[in-house]
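User: I would like to learn to read this structure feature by feature. Please give me the general idea each time, then the case at hand.

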Amino acid sequence: MALRKTRFTQGAALMREDIVTPMHHHDEAQDALLVEVDGVTRPMTGCQADGYVTENYDLPELTEVEHVDGGPRHVKRRHILAGAAAGFGALLTTTTMPRYSFAAPPEGSSGPQELLVCVFMRGGFDGLSAVVPVGDPAYYAARSSIAVKAEQTLGLDATWGLNAHMKAMKPIWDEGQLAIIQGSGSPDVSRSHFVDQVTVERAAPASVRSGWLGRHLQTASSQTGTFRGVSIGTSTVFSLTTNALDTLAVSSIDDFGLDVWGGDRMKSHVQSVLEEMYGGAGGQAQETAASTFDAATTLQQIRADQSTAPEGYPDSTWGKGLAEIARLAKAGVGMEVACIDIGDWDMHAGLGSAADEQAWFSRRARDFAEGLAAFRKDLGEHWSRTTVVTMSEFGRRVAENGSGGLDHGQGNTMFVLGGGVKGGRVLGTVPSLEEANLSLGDVPITLDYRQALSEIVSTKLGNGSSVADVFPGFTPGTPLGIV
């Protein structure tokens, strides 16, 4: 009988990206890993996943590496090669990079690059506080202290008003470049942050272990590029995962580079050694290393060419993230998809009054809207080839709770904006918010969110022949005509 392994190796799970997928939760204490066990995907904590991988898979002796001031010692070539299997960039950069992608824009491509920016509003966005049913008495009856009054909105049509704290988006609406979709959501909604974030980003049956954007990139072209898909932030974006190619995740363009102890001379020496080492490694390790070096070189050039910080963005993580995406878009490095989160929407208590400039929702709404307005201005001519789509794991309940907040709900609001969007319209159907019309007290989901995504993939991104592969198990309905 084989001896049972008893040594626990912290971080072992991250060495097995083929069976382990990190999942981000708005509450970091609830972050988890999806682990494939005997063909079944199971959520585990980091400790559980480390234990499972340690016991069932052979691992390099990473504990032999001694970490001391001035850098690690006793690092052997096999340690670095083993590290490449989990993510070579982690050895080279100061940013958290769960996934990567490879070598520059496809040569010989014709025409300007279309860019899709996917915004995930993590925490459960309350669409009714953003786009308000100003003519529905049931809405005001359900929210005695947090309802947004009609005079606190900017009129969109006879039914809906845009929260005045989001006024920065009104010019985009007026120019017909913003469409709003109401009553949208996943038919499999559970009101669990973790479960529904995975469901929405997968956009496929639970047996599928990839994200919808990853499947789009996989089917749109056989060619790949260093910046084909980019995630802005420090956590894995499940939407972009696929076994066919890798996508790059950066928290900052300025921080993406070789991280060594010493000055530029030492950095040059270390890079030369690494390039020589990996040049003969062969297989995936060599390919990944070469691609990561290419990415670092490209970003170094972007930093040099765009040294002046753009103006107009809010001074927030969200604003800085959008500015990073704009830098990459303007640099012409072949980016097709960018993902970015804006969180802190889980407002169970103290959502606040629209009359209060410093209320929780008021501040988040301004940050969101002002960031998008600045992004549009910054992109300039590139805006005509850019499409931004927002989503969240679920909406909030119609009635406020006893803490002046809103609990987890179902139907929600999506925003689609860009130079090629047929906007200036509120789409979707939401009935009067009387109790008899609600779904267990929630806004009913009257439109599968994949309808909007499938139209963007098909019409704007030109991947109509692969819609069934990008969204398996979903059959598109009547087109919204948003792009």
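Analyst: Start with Ala203, which counts as buried at 1% relative accessibility. Buried means under 20% relative accessible area, exposed over 50%, and partly exposed in between (1.4 Å probe, protein chains only). This is a predicted model: local features need pLDDT of at least 70 and side-chain atom pairs count only at pLDDT 80 or more, while totals for chains, interfaces and linings use all residues. Residues are numbered from 1 along each chain as its sequence is written, and side-chain values use heavy atoms, with hydrogens and water left out.

User: What is the phi of Ala203, and where does this residue lie?

Analyst: The general idea: most residues other than glycine have a negative phi. Ala203 has a positive phi of about 55 degrees, though it is not a glycine. It lies in the loop between helix H7 (193–202) and helix H8 (212–220). Helices (H or I, at least four residues) and strands (E, at least two) are DSSP runs, numbered from the N terminus. Asp344 also has a positive phi, near 70 degrees, and is not a glycine. Asp344 is in the loop between S13 and H12. At 44% relative accessibility, Asp344 is partly exposed.

User: Now the sheets. How many bridges join S6 to strand S14?

Analyst: The general idea first: strands of a sheet pair through backbone hydrogen bonds, either parallel or antiparallel. Here two strands pair if DSSP finds at least two bridges between them. S6 and S14 (residues 386–391) run parallel, joined by 6 bridges. S6 also pairs with strand S13 (residues 337–341), in the parallel sense, over 5 bridges. Look at Leu116: it stands opposite Thr387 in S14, and its bridge partner in S13 is Val337.

User: Which way do the side chains of S6 point?

Analyst: In a regular strand the side chains alternate between the two faces of the sheet. In S6, Leu115, Val117 and Val119 point one way. Leu116, Cys118 and Phe120 point the other way, and all are buried. Strand S6 spans residues 115–120, with 6 of its 6 residues buried.

User: In what order do the strands of the open sheet with S7 come?

Analyst: The order is S7-S9-S8, with 3 strands and antiparallel pairing. Strand S7 (131–133) and strand S8 (153–155) stand at the edges with a single partner strand each, so one side of each has no neighbour in the sheet. S8 and strand S9 (residues 160–163) pair over 3 bridges. One of the facing pairs is Leu154 with Leu162 in S9.

User: Which residues have the most contacts inside the largest nonpolar core?

Analyst: A nonpolar core is a set of buried Ala, Val, Leu, Ile, Met, Phe, Trp, Tyr and Cys residues joined through side-chain atoms within 4.5 Å. The largest here has 50 residues, and Val117, Met166, Ile325, Phe368, Phe375 and Phe415 have the most contacts inside it. Helix H12 (residues 360–379) gives the most to this core, with 9 residues. A second, separate core has 34 residues, including Val237, Val337, Met391 and Val467.

User: What is Ile325 in contact with?

Analyst: Contact means heavy atoms within 4.5 Å. Beyond its neighbours within four places in sequence, Ile325 is in contact with Leu115, Val117, Ile232, Met335, Ala338, Ile340 and Phe375.

User: And the rings: how many aromatic pairs are there?

Analyst: A pair of aromatic rings is described by the distance of the centres and the angle of the planes. Rings of Phe, Tyr and Trp (its six-membered ring) pair if their centres lie within 6.5 Å; planes under 30 degrees apart are stacked, over 60 edge-to-face, and the rest tilted. The whole structure has 9 aromatic pairs. Among them, Tyr139 and Tyr140 are edge-to-face, 4.8 Å centre to centre with 80 degrees between the planes. Tyr139 is buried, with a relative accessible area of 0%. Tyr140 is partly exposed, at 26%. Phe125, Trp318, Trp345, Phe361, Phe368 and Phe415 form one aromatic cluster.

User: Which residue has its charged end over the ring of Phe120?

Analyst: A charge sits over a ring if NZ of Lys or CZ of Arg is within 6 Å of the ring centre and within 35 degrees of the ring normal. The charged end of Arg122 sits over the ring of Phe120, 4.1 Å from its centre. Arg364 lies over the face of Trp345, 5.6 Å from the ring centre.
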